[in-house]
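Please have the sequence and the model open while you go through my notes.

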Amino acid sequence: MNPSLYAPAPTCACGPAGLVGHTPVLWISEPFAPSGRGFWAKLEGANPGGIKDRPGLHMVACARARGDLAEGAPIIESSSGTLGLGLALAGIAYGHPVTVVTDPGLEPSIRRALAAYGARVETVTTAHPVGGWQQARREKVAELLARHPGAWCPDQYNNPDNVAAYAPLAAELTAQLGRIDVLVASVGTGGHSAGITAALRQTFPDLALVGVDSTGSTIFGQPAGQRLMRGLGSSIHPGNIAYHAFTEVHWVAPAEAVWACRALARRHYACGGWSVGAVALVAGWAAGTWPAGTRIAAIFPDGPHRYLDTIYNDDWCHTHHLLDAPEPTAPEEIKESGERVVTCWTRCTTVTGPAPAARVVLAGAQ
């Protein structure tokens, strides 16, 4: 048998936007789940810049179609990295200069990549006393918008186009897996957990959604704290988070995510950043807890490359005491999100959102 006769042809793209989507899924089992159990990981790191290539392109296309974004007008947005890459891609595809407002935690490799793709990077130097780095970045975005009439901000935290961008991902999962019973997704801006779930529940109305947050995040009712992990969690309350859609939520700590990332690399040659490790840990637990035959899909938002100097660097991990913790096996349990401050992997099946007044909207972003 000649394998080349049966291999699918790789994508032929006339532009970089054509490389986005149609990402593979990979079966993940031990050491995350018992032998014979496991979950399907959607490898969004196979996109040129990661999962947020999808909303980066979609939000820009929709804004152009509505007339909110004029031809050649600047795009200005806050990002911890991944959406910045997606917007840089959209800027190249549609002909817009892009400014990414970030903070000192942005990895040097991503900073250099953004510059290589033609994006301008603005860095805030002082965290907001309540909203942390995210709110400081958003205030800088508002300042830049005021200084550049005609500039447009996607406002990923509240833009419904961010959510709608993930309908094709849901369609891909349905075509790949046929049936999905449980979706495990990290939560930051809320876009991909809300968008994928809404689309999947049109076909699978009983789908369970398991949210994965970071310790120190305020999204699901915990107090704000120091957050080493980037890409999931938040110090503000994005409007795109569909709180009503979640079946349960898990908080994961940095050392636990590092263990999972490294285990993925060693056993499955498929790994990524903080969100990937945290999601793999929770999805593996779900695979061993839900009844046999439950089909679980987990979203892996990115690949490992931006984390080679952190998660996969022994010296950095030792400095942050991330390699000393025992292997995580199961979450602790709380009945209500405000029951106590969580500092390790913890599960809660009562999911509530913030009061409406707690949601932050960026003035001038619409």
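The points below cover helix packing, aromatic rings and a few backbone details.

1. A word on the source before anything else: this is a predicted model, so please read each point below with that in mind.

2. Let me begin with helices H6 and H7. H6 spans residues 167–177 and H7 residues 191–200; their axes come within 8 Å and cross at roughly 50°. That angle makes H6 oblique to H7, and the crossing is right-handed. On the H6 side the contact uses Ala-167, Leu-169, Ala-170, Leu-173 and Thr-174, which meet Ile-196, Ala-199 and Leu-200 of H7. Sorted by class, these residues are 7 nonpolar and 1 polar, with no charged ones.

3. Next, helices H2 (residues 82–94) and H3 (residues 108–116). Their axes lie 10 Å apart, at an angle of about 10°. Since angles under 35 degrees count as roughly parallel, H2 and H3 are roughly parallel to each other. Gly-84, Leu-85 and Ala-88 from H2 touch Ile-110, Ala-113 and Leu-114 from H3. This contact has 5 nonpolar residues and 1 polar residue, and again no charged residues.

4. Which aromatic rings are worth a look? The whole structure holds 7 aromatic pairs. One of them joins Phe-220 and Phe-246: with ring centres 5.2 Å apart and planes at 85°, the pair is edge-to-face. Both residues sit in the loop between strand S7 (208–214) and strand S8 (248–252), so the pair ties together parts that are 26 residues apart in sequence. Phe-220 and Phe-246 are both buried. Tyr-243 belongs to this picture too, as ring pairs link Phe-220, Tyr-243 and Phe-246 into a cluster.

5. Where is there a cis peptide bond to look at? Go to the step from Glu-30 to Pro-31, where the bond is cis and omega is near 10°. Pro-31 is placed in the loop between strand S1 (25–28) and strand S2 (39–43).

6. For Tyr-269, phi is near 55°. Tyr-269 belongs to the loop between helix H8 (254–268) and helix H9 (274–289), and its relative accessibility of 80% means that it counts as exposed.

7. The other is His-321, with phi near 55°. You will find His-321 in the loop between helix H10 (314–319) and strand S10 (332–334). Is His-321 buried or exposed? With a relative accessible area of 59%, His-321 is exposed.

Note on methods. Residues numbered from 1 in each chain as written. Predicted model: local features only at pLDDT ≥ 70, side-chain atom pairs only at ≥ 80, totals over all residues. Heavy atoms only, no water. Axes fitted to C-alpha atoms, helices over the stretch in contact; angles between N-to-C directions. Helix = DSSP H or I, 4+ residues; strand = E, 2+ residues; numbered from the N terminus. Parallel < 35°, antiparallel > 145°, perpendicular 65-115°, else oblique. Left-handed = near helix turned anticlockwise from the far one by under 90°. Contact = heavy atoms within 4.5 Å. Nonpolar A, V, L, I, M, F, W, Y, C, P; charged D, E, K, R; others polar. Phe/Tyr/Trp six-rings, centres within 6.5 Å; stacked < 30°, edge-to-face > 60°. Buried < 20%, exposed > 50% of the residue type's maximum accessible area, 1.4 Å probe, protein only.
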